[in-house]
Amino acid sequence: MNHTVMQILLAGVVVLPLIGALAALLPAPPGLKGRNPDQAVLRHGVTVTGVVLAASIALAAGFDHGDPARMQAQTDISWIPALGIRIHLGIDGISLPLLVLTALLTFLCALYSYFKMPAGPSPKAFVALILVLESGTLATFAVLDLMLFFLAFEMVLIPMYFLINRWGGENRQYAAWKFILYTLLGSVVMLLGLLLIGLKSGTFDMVALATDNGPKSQLSHTVQLVAVLAIGVGLAVKAPMWPLHSWLPDAHTAAPTVGSVLLAGVLLKMGTYGFVRIALPIAPDGMHTFAPYLAAFAAVGIVYGSLACLALARRGAKGDLKRLIAYSSVGHMGFVLLGIASMTPTGINGALFANIAHGLITGLLFFLVGALKDRYGTTDLDRLAGRTGAALYGRAPRFGGLLAFGAIASLGLPGLAGFWGEMLAMFGAFKPADGLSRPAFLTFMVLAGLGTLLTAAYLLVVVRRVCMGSKETAEQEALAATPEEGATAGVTPGPAASTTAATAPTAVKEKAPAIPDIAPYEYVAWTPLAALTVLAGLWPAALLGLSDPAVQNLLGGGS
Amino acid sequence: MMTVLAASAGSAAAGGTATHAAGGVTSLVQSVDWLAIAPPTLAAVFALIVLVADLFLSERRKPLLGWISVLGLVLAGLSLLPLLKGDRTTFCLTARPEVCSYEADHFALVVQLLVLGGALLTALLSVNPIKDEKLPGGEFWFLLLSSAAGAALLPASRDLATLVIALEVASLPAFALVGIRRGDRLSSEAALKFFLSSVTATAVMLLGVSFVYAATGSMHLAQVAEALTQPDPRLDVLAKAGVALTLVGFAFKTAAAPFHFWVPDTYVGAPLPVAAYLSVVGKAVGFSGLIVVTVKAFPSYSDVWGPVLAVLAALTMTVGNVAALRQRPDRAHSAVRLLAWSSVGQAGYLLVPIASAAYSDDAAHAIGSTVAYALMYAAVNLGAFAVAALVARTHPGNRIADYRGLYAAHPVYALALGFFLLCLAGLPPGIIGLFAKVTVFSAAVDAGLAWLAVVMAVNVVIALYYYLQWTAVLFRAPEGASEGAPEGEVRPARPRIPAPLATAVGLTALVGIALSGAPQLVLRFASGALL
């Protein structure tokens, strides 16, 4: 495709959501009023994100797949000469998949919200915030200037804060504050690191900085150390790396479904992307020094995340499913960080792959858990499962099946997306870059391996408790727990249901609440994720072929 | 009146030293470049016009005074245009024409723009309160214009006498402005507190100035700087003490800790527009004075004032932000209190580049960061005060809790206030706030003041917390909305918004948005040579 078209497409992908956000706040023009203002604005959200998705797919189609290491669709305009800040956009094999993933997930979220708007204030602000969030995330992956990267990095905070604070569940205000304070503290430190690089090298341009004989040569070892430390803290909070992760479970638990999906699916990726795009190529010496520590934290995070999940999955632990998936994210992002810390092409490719895979799978899982909450009114594993299990297979077979699929994909079953990234990350750790202590990395790899076992264990426990179990018992318990909901039931009652009539004195006493199976709009929102999970699992080369040359280029110090 | 006196006194002082220097041989008459001194002079002339016109206007016609003042400020602002080249000087020594008492260089012009713009917005904010609260209009406008004239004179003055006089011309009317609500105990108390502490600071500063004069034998900053490069070793201590004491007066105006304690009570006691004026123009007076004396007069003593200012900056921002953090939203006047404390915190950021100027070879660059930051701060802080003035019309208590549901009542104004607060916090969409902070950070990092940068980073996060909390309040559902008929409750309490107030909010928002789109407009001062 023509270079100008590509430029316009990339700029449009970043700017369109912003314009859309402004437009969402204005009253709908005549002819687009829809059934009511709420419906009109939600439809507007779907349209804008749809257009952005289409543009990003066109961008992917027009991308020169023969040379993914080259920055393509570049725009480079001077913006603030006083600070040497340029509007420099461009994509390569590393950012393209993330860009498309973001556009896809946001579109699916907008679509999902069109049918299932989370409880809270007006959808107008909701749509505007989602669009600003999308713009910020897309910009993070598309900009090639350190200051713009920071700007985009910050841009997502306010919308996410309000999404959690206004449309969230229990404890949402506390969770929203914790989220924003953690990330702000991290990003202010990161700003200092970025400034240090910019001032010492004389440029904020990431491409120029990544080349070996460019301005980077101005950075002394000490500067690189301080810069990586400062930038790393900011990125590690976002990623999140153990022990800076504690905002994540709270934020996820409180966030509305689409908030969780975007948070896990896209926002966390900004942290790991920053490591690959900034820390690795621009300050390789500093990164080399800190890599073992990063790997150690990553390995601890993997084990810690899965142990926390195991504890939550236990019977009687009152574990919240959303919280559990949030902790599992800590573990999964641990693999990504481990891959990056190995500083080898294998490990980093694995990390990038795991990034995408985690976005797809965890996005799907959060959708499913959100839907579960809509159906049951709770995500408390104990209340869901009761004594024998929630028996989703029996009560809503397709829903149960998809949940099991998500869980299995998440534990890294070969043939699904979760497998390749984590395996490559561990391969990377098996043979880390020259100069990194091999025994240490072998230990981390063993820890990570242990983590995969634990991951498998808790996810199977979850599947066992949520999907399996006796349908009859589950219905009885549901009836006993929420007698008044029986009125809305439309399912044939089990034979044992009549025995609970005494505890359910309402009019319709013999029916347990029905668990609706997957609705058509849910199919539409979830199928792409499931399909891509399978596709990425069966044909990993599609992604790795894109990222590998770009990674080689970054590690080799560019051209 | 006072200002004209000031100008003539300044020239008299200059003339006096001229006699000294020239030994009475050359002509004693200095030529005056009226165009160069037009900005402060116009403001002073209009102050007199307003004062006289007040005597002849009937009670019904009094609002006219406000518009005369606005006109005067606009004209004074326009008179900056012919000076844009920044090469005008006047009141120069007849013997040494390069030593002048008044220099309209770029730095002076930018600060004059800030001062006159700030005064203009204050005037717009004041039109309605004067009518509603029955404040004495003639006096108010006279005092405001006089103070603005002094503040506009200050950044251009290049000798210690003119500096002190400009500072006093800017401050003395401000005391009266703070106490202008007759019969209001809070207002008089605030004025007294402000007056006493300010006078003490001025006295200390005068002592410092006299020490400097004693040590160097000159009032002109250029000559002071020359003399201080090789001071008489016997007078070294005297000179050092003089430098330190001179800074105190300006530190007080900037409300730098530990000279900040007057701020919250004064802001709360003063009429809201006056508080806005103090927070922007008062600070501009302080920091421009600091810049002028440190960079112009005492560059060779940077090892004295550099660390002092760095510590002051760190202390100021920490004290201001921590106190702002502790404001409870349901306390009376908490909104103004929060703005007051946050302005103390912001003063800390303004000091950072001045402190950095001591450590870097490129002082002009560092100073430019302060100027750029101050321009951003002036626009958005006045905007925040404008919206606060709007809310104060329906909620005289002006608690932060009163801002709840502002979005439901006045969506545009709520969005504007949200934008101003995020600019102050330095978060997108307040892009200009973010990049202004970046320039300040880079000045500190550039000068090797890494510890100050880290302190500032922590402070930025603290400040984010309370700004964001306030922003969040704006968008919450109005109180009692859930208990039915929210519209019916909101409507009657929604009076028409007066045009001057709307203009003020509109102007500041426009400036903020324009700067966010093209930060280069102000940030270029951070890269170019201002002094």
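**Figure 1. Helix α3 of chain B, checked for length.** In this predicted model, α3 of chain B covers residues 63-78, and its 16 residues should span 22 Å at 1.5 Å a residue. The C-alpha atoms at its ends sit 23 Å apart, which agrees with that estimate.

**Figure 2. The buried residues of α3(B).** Which residues of α3(B) are buried? They are B:Leu65, B:Gly66, B:Ser69, B:Gly72, B:Leu73, B:Ala76 and B:Gly77. Because these residues cover an arc of only 135° around the axis, they end up on the same side of α3(B). As for what they pack against, the buried residues of α3(B) meet α2 (38-56), α4 and α5 (137-153) of chain B.

**Figure 3. Where the two domains of chain B meet.** Chain B splits into domain 1, made of 1-207 + 260-292, and domain 2, made of 299-478 + 488-531. Taken over C-alpha atoms, the centres of these two domains of chain B are 24 Å apart. Across the boundary, 29 residues of domain 1 of chain B are in contact with 37 residues of domain 2 of chain B. On the domain 1 side, α4 (106-133), α10 (263-269) and α11 (272-297) of chain B each put in at least two residues. Which helix supplies the largest share of that side? That would be α4(B), with 12 residues. Sorted by class, the side of domain 1 of chain B that touches domain 2 of chain B has 21 nonpolar, six polar and two charged residues.

**Figure 4. Chain A against chain B.** Here 23 residues of chain A are in contact with 26 residues of chain B. The elements giving two or more residues to the chain A side are α5 (146-155), α6 (157-167) and α7 (172-201) of chain A. α7(A) gives the most, with 11 residues. What is the make-up of the side of chain A that touches chain B, by class? It divides into 21 nonpolar residues, one polar and one charged.

**Figure 5. Chain A as a whole.** Along its principal axes, the C-alpha trace of chain A spans about 80 × 65 × 40 Å. Buried residues account for 63% of the 559 residues in chain A. Of the contacts in chain A between residues at least 6 apart in sequence, 77% link residues at least 24 apart.

Key
Residues numbered from 1 in each chain as written. Chains lettered and ligands numbered in written order. Predicted model: local features only at pLDDT ≥ 70, side-chain atom pairs only at ≥ 80, totals over all residues. Domains from an automatic or database assignment. Contact = placed C-beta atoms within 7 Å. Helix = DSSP H or I, 4+ residues; strand = E, 2+ residues; numbered from the N terminus. Nonpolar A, V, L, I, M, F, W, Y, C, P; charged D, E, K, R; others polar. Expected span 1.5 Å × (residues − 1). Buried ≥ 20, exposed ≤ 12 C-beta atoms within 10 Å, placed from the backbone. Arc of directions from axis to C-beta.
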